[in-house]
Amino acid sequence: MGLEFMPIFKEWAGAYDDTVAGGDREYAEVFSNYNEMLHMIAEKSGQTVLEFGSGTGNLTISLLNAGKIVYPIEPSAEMRALAQSKPELEKVDFLTGDMENFPVPNDNIDTIAANFVFHHLNGIEKKQALKKYATLLPKGGKVIIGDTMFVSQIRFDDVITEAMKAEKLTLAADLQREYYPLLPDLENYFHEAGFAVKFWQINTFAWIAEAVKK
């Protein structure tokens, strides 16, 4: 369920915002154009958003600034505390849950969004999650995912090799440990769940997938 990675977030929580701002050399390229990514997800979202892996609340803020109603869900107590310490989010109710097990708001959700979160699920879990999301959304509802993705396994392997040659060993280990999707696989998962999907590349690592329920 991705919860095996919880100890990482307990340790990383305090440095997360600095990392996405480019403060960690190993991850600077991964989070290049991070703010633009947040704005693009918010722009593409509908009016009422269920947000998974809200973390320190960066996407939550972008969604609220765009006038959306947001229900943020985050499994890490440390991340939730950091998010609610931000003045813009002190009145926001951060819900406890993960991408597979979560409270369903008593509202008409038209968008499910997540940024740098979906890679915590393996392939089977990704497929199951998308089918579950489809049951929550109306026709025309959206799933919008920003994440590290790769166009092919060859490209994925090349990026790991490049990271190791550059002595970015933490990044290389991360890429090998988690479940970063290949675009063709993710496209198939969306189609199986009843979505049409488009992809936009944000940087060398990151893409946005915008899926619309048929």
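**Close-up views of rings and sheet**

**View 1. Ring pairs link Y27, F31, Y34 and F116 into a cluster.** Rings of Phe, Tyr and Trp (its six-membered ring) pair when their centres lie within 6.5 Å; planes under 30 degrees apart are stacked, over 60 edge-to-face, and the rest tilted. By this rule there are 10 aromatic pairs. This is a predicted model, where local features need pLDDT of at least 70 and side-chain atom pairs count only at pLDDT 80 or more, while totals for chains, interfaces and linings use all residues. Residues are numbered from 1 along each chain as its sequence is written, and side-chain values use heavy atoms, leaving out hydrogens and water.

**View 2. Two lysines sit over aromatic rings.** The charged end of K44 is 3.8 Å from the ring centre of W200, and that of K126 is 5.6 Å from the ring centre of F118. For this, NZ of Lys must be within 6 Å of the ring centre and within 35 degrees of the ring normal.

**View 3. Now for the open sheet, whose 6 strands run β2-β1-β3-β4-β6-β5 with mixed pairing.** Strands (E, at least two residues) are DSSP runs, numbered from the N terminus, and two strands pair if DSSP finds at least two bridges between them. The edge strands β2 (69-73) and β5 each pair on one side only. Strand β3 (residues 111-115) runs parallel to β4, joined by 5 bridges; A114 has I145 of β4 as its bridge partner.

Notes
Helices (H or I, at least four residues) and strands (E, at least two) are DSSP runs, numbered from the N terminus.
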